[in-house]
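Dear colleague,

I am passing on the structure we spoke about, together with some notes on what I found in it. Please have the sequence and the coordinates open as you read.

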Amino acid sequence: MHKRKKIKKSVWIILVIVLCGLLAMGGILFINLRKLEVKFDQKDVNLNEEIYNTDFIKELKNGTVVTEKEKIPTDKLGKQEFKIEIKDKKGKIKEYSLEINIVDTEKPQITFTKELETKVGETIDLLSGVSVKDNSNEKIDVKYEGDFDINKVGKYELRYVAIDSSGNEAKENFTLNVVENTNNSTTNEKTNTNTNEKTNSNANTNTNTNSNTNNEVHFTTSKGFKGVTKNGITYIDGYLIVNKTYTLPSTYAPGLTQESLNAFYKMQAASKVEGLNVWLQSGYRSYDLQDKLYKNYVATTGQAAADTYSARPGHSEHQSGLAYDVNIINDTFADTPEAVWLANNCYKYGFILRYPKGKSNETGYKYEPWHFRYIGNVELATKLYNNGDWITLEDYFGITSEYSD
Ligand SMILES: [Zn+2]
């Protein structure tokens, strides 16, 4: 009986200990069960991806999100910071700072023609009709890679390349088919021999013998220079002039002259030594192509606006085969090291900045930092360069650049 009582007592003690242990464990468990636990997702976000602040909460225990669900702006590349507030079970609010990285992994999209055709000697603008679209809002330039000889019949495999600022590169192959120039081959030969014989290609009288009469109109400019209009082509002091006053006949189709091309390559090589990258964006344009371009501009922006930046057919210097548009055909080009170098060095290679800043009342065109005209004579080009304060051909020769209607 006494012994039994003793046993009973120890059982009680054990029971109490066990109970106490259980209680403590329960307490700990209870506290733990109520403890706020939150984990965030730290992945990169794609440009323009639709994503919300709360999407970054990967795991949440014992808490509620206080911050309202809100779209995160993802239209700009780089780091984006935001805060999320979470309330725990005790009602305490904790603030978390998140930093996400907005990246661009999408290639630009090039719209282009897979097969282009041109005739021998008739330089083609490989970049007209090509457009690039990118998920970023930035303007992306497209250029082409590969070699071809416009003076040789053949099928040339080339490709368009466009890279966005994140380095996503799109490449598209296309074929340039240079075919025999049946109806014009004699004219081309004549042009070439003419340019080879003469040191000044501007004095080159490209004889469109098959076109009409040989009437010549002689005149003297307001600054005393002798001018002549021969078969519809005007030369002043021996230099071919084409602007809003002076036209070229629609049959005049020399392609880029060999002499100007050689000078361009020299200039390009010199720029490369300086670590610069100058490329030909648009060179020779035929009367027909200019006609199409101009009509297009008129249709989209109206004639008055179009006349400030695009030439009417027959009035484009690009038809002369002596005009070179380089790199980027928009105002942003002016700030590039290439533009600065060209404006200060092109005269050494016989080129002039044709439409300088602040001279639109003389040239008839707004400032075009990308457009260079080959005049050949370095002495005259140096004069026009005028230590960086460019003199226009119109001012120098004393001529106008105005449409007659
Ligand atoms: Zn141009």
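Which residues does F351 touch, once those up to four places away in sequence are left out? The model is a predicted one, and in it F351 is in contact with A263, M267, C346, F372, R373, Y374 and A381. F351 also belongs to the largest nonpolar core, a set of 40 residues in which F351 is listed with I241, C346, I352, F372 and A381 as having the most contacts inside the core. In soluble globular proteins, nonpolar side chains tend to be buried together.

The sheet around this residue

The antiparallel pairing of β18 with β20 runs over 3 bridges, with D325 having H371 in β20 as its bridge partner. β19 and β20 are likewise antiparallel and joined over 3 bridges, and here I352 stands opposite R373 of β20.

How do the side chains of β20 (residues 371-374) point, and are they buried or exposed? H371 and R373 point one way from the strand, F372 and Y374 point the other way, and all of them are buried. In a regular strand the side chains alternate between the two faces of the sheet. Of these residues, F372, R373 and Y374 are among the contacts of F351.

The protein as a whole

The secondary structure comes to 9 helices and 20 strands. The radius of gyration is 36 Å, whereas a compact globule of 405 residues would have a value near 22 Å, and the C-alpha atoms fill a box of roughly 150 × 45 × 45 Å along the principal axes. The domain assignment gives domain 1 (37-103), domain 2 (109-179) and domain 3 (248-397), and the C-alpha centres of domain 1 and domain 3 lie 53 Å apart. Buried residues make up 27% of the 405 residues. Among contacts between residues at least 6 apart in sequence, 61% join residues at least 24 apart.

Two backbone positions to look at

N62 has a phi near 60 degrees, a positive value in a residue other than glycine, and its place is in the loop between β3 (57-61) and β4 (63-65). N62 counts as partly exposed because it has 16 C-beta neighbours inside 10 Å, a number that falls between the limit of 12 or fewer for exposed residues and that of 20 or more for buried ones.

D237, which is not a glycine, also has a positive phi, of about 55 degrees, and D237 is in the loop between β15 (233-236) and β16 (239-240). With 18 other C-beta atoms within 10 Å, D237 is partly exposed.

With best wishes

Key
Residues are numbered from 1 along each chain as its sequence is written. This is a predicted model: local features need pLDDT of at least 70, side-chain atom pairs count only at pLDDT 80 or more; totals for chains, interfaces and linings use all residues. A nonpolar core is a set of buried Ala, Val, Leu, Ile, Met, Phe, Trp, Tyr and Cys residues joined through C-beta atoms within 7 Å. Two residues are in contact if their C-beta atoms, placed from the backbone, lie within 7 Å. Helices (H or I, at least four residues) and strands (E, at least two) are DSSP runs, numbered from the N terminus. The radius of gyration is taken over C-alpha atoms; the globule rule is 2.2 Å times the number of residues to the power 0.38. Domain bounds come from an automatic or database domain assignment. Two strands pair if DSSP finds at least two bridges between them.
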